[in-house]
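Here's a quick tour of a protein model for you. Take a look at the picture first, then we'll go through it topic by topic.

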Amino acid sequence: MAIDKLLKRHFWAVILALVALAAFFDAQGIMHVVGAGLGPDEKQLSAPGLMARVPPAPVSASPHATNAEAILARNPFDSVTGPLNLVPTADSASAVEAPPLDMSDPFNAPDCDGVRVLIIAASADPDWSFAALETSTEKGKSFLRRRGGEVGGKTVKFIGWDRVWMVNGNLLCQTQMFKPPPLPSGAPAPAPMPTGGATPVSDDIKKGIQRIGPNEFNVDRGVVDKILENQAELMRQARIVPEQENGKVVGIRLFGVRADTLLGTLGMENGDRLEKINGFDMTSPEKALEAYARLRTADHLTISLNRKGSEQNLDYNIK
């Protein structure tokens, strides 16, 4: 009776033990089945091991392999050029390559045919040197150029104080100021050319410039046209020197300006530092030429300059 009571009292423990025992046997059976399915059989164990795949050896080129040499050699699309697979030889390469420019004796370079220098504004900085040039095909018309500019089929190589060296193809030539052209036989000797600086402003130009204030002027459009047409005289007005501060060009200093010259009539003084024209900085030759090119069509000009340390503007109304 005591055992029956004990079993009835703890019957849940008996049930739990039976469930755990059944779960253990089920797990053992499942592991046995899975192991039998995954384990190798004796046939697999006796089979030779797997070999790594090696790419097949390249097949030797056959006599009919694709090759464009025959087409390049015949060049059937261009009968003028000829074969396209020719290798240039040393002789042909040397024949194409141009010889270097001869700069050993520039002062004995031949004269530049068809180009004449009218006036030079030389500077210590070669990039700030300008020259007014005239060609034989357009006489009476001058061209303002600096180093690298082209005129008459030639390129300006260097601008000296009295001559301009130019390059035509691979040949160096020079055009010199104050050098009279060769005279025909029997012709009288010409009068010597004037070598002075700026000349006083002419009366017809002076009449077209009216000062209406300390720094303001009215200028006739015809006066501007006359000035631009005579670039040689314009370049005689002053000696320009680029001025630097901390290694950077800040403007161009004007020297040799007199009150009776064109620049003096326009209100400029000797020693002025020109900085801007209508907002164009005078800090590079390219900007200076760009400002100069716009003078003909401008209706108003404002020149910013530094005079004895103070900043000033000169205004010109072009009518």
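A nonpolar core is a set of buried Ala, Val, Leu, Ile, Met, Phe, Trp, Tyr and Cys residues joined through side-chain atoms within 4.5 Å. Here, buried means under 20% relative accessible area, exposed means over 50%, and partly exposed is in between (1.4 Å probe, protein chains only). Keep in mind that this is a predicted model: local features need pLDDT of at least 70, side-chain atom pairs count only at pLDDT 80 or more, and totals for chains, interfaces and linings use all residues. Residues are numbered from 1 along each chain as its sequence is written, and side-chain values use heavy atoms, with hydrogens and water left out.

**The cores**

- The largest nonpolar core has 37 residues, and Ile-209, Val-219, Met-282, Ile-303 and Tyr-316 touch the most other members.
- Elements giving two or more residues to this core include helix H7 (221-229), strand E14 (300-307) and strand E15 (310-318); helices (H or I, at least four residues) and strands (E, at least two) are DSSP runs, numbered from the N terminus.
- H7 supplies the largest share of this core, with four residues.
- Another core, of 16 residues, lies apart from it, and Val-117, Phe-143, Ile-159 and Met-166 are among its members.
- Leaving out residues up to four places away in sequence, Tyr-316 touches Phe-217, Val-219, Leu-266, Met-268, Asp-299, His-300, Leu-301 and Ile-303, where contact means heavy atoms within 4.5 Å.

- In helix H10 (residues 285-293), the buried residues are Pro-285, Ala-288, Ala-291 and Tyr-292.
- Looking down the axis of H10, you'll find these buried residues within an arc of 125 degrees, so they line one face of the helix; the arc is that of the directions from the helix axis to the C-beta atoms.

**Salt bridges**

- How many salt bridges are there? The count comes to 14, taking a salt bridge as a side-chain nitrogen of Lys or Arg within 4 Å of a carboxyl oxygen of Asp or Glu.
- Asp-299 pairs with Arg-221 in a salt bridge, and their closest N and O atoms are 2.9 Å apart.
- Asp-299 sits in the loop between H10 and E14 while Arg-221 is in helix H7, so this pair ties together parts that are 78 residues apart in sequence.
- Asp-299 is exposed, at 55% relative accessible area, and Arg-221 is partly exposed, at 23%.
- Arg-307 forms a salt bridge with Glu-269, with the closest N and O atoms 3.5 Å apart.
- Since Arg-307 lies in strand E14 and Glu-269 in the loop between H9 and E12, the pair ties together parts that are 38 residues apart in sequence.
- Arg-307 is buried, with 11% relative accessible area, whereas Glu-269 is partly exposed at 36%.
- Arg-273 and Glu-275 meet in a salt bridge too (2.7 Å, N to O), and both are buried.

- Most residues other than glycine have a negative phi.
- Asn-246 isn't a glycine, but its phi is positive, near 55 degrees.
- You'll find Asn-246 in the loop between strand E10 (239-245) and E11, and it is exposed, with a relative accessible area of 86%.
- Lys-308 isn't a glycine either, and has a positive phi of about 55 degrees.
- Lys-308 is in the loop between E14 and E15, and it is exposed, at 79% relative accessible area.
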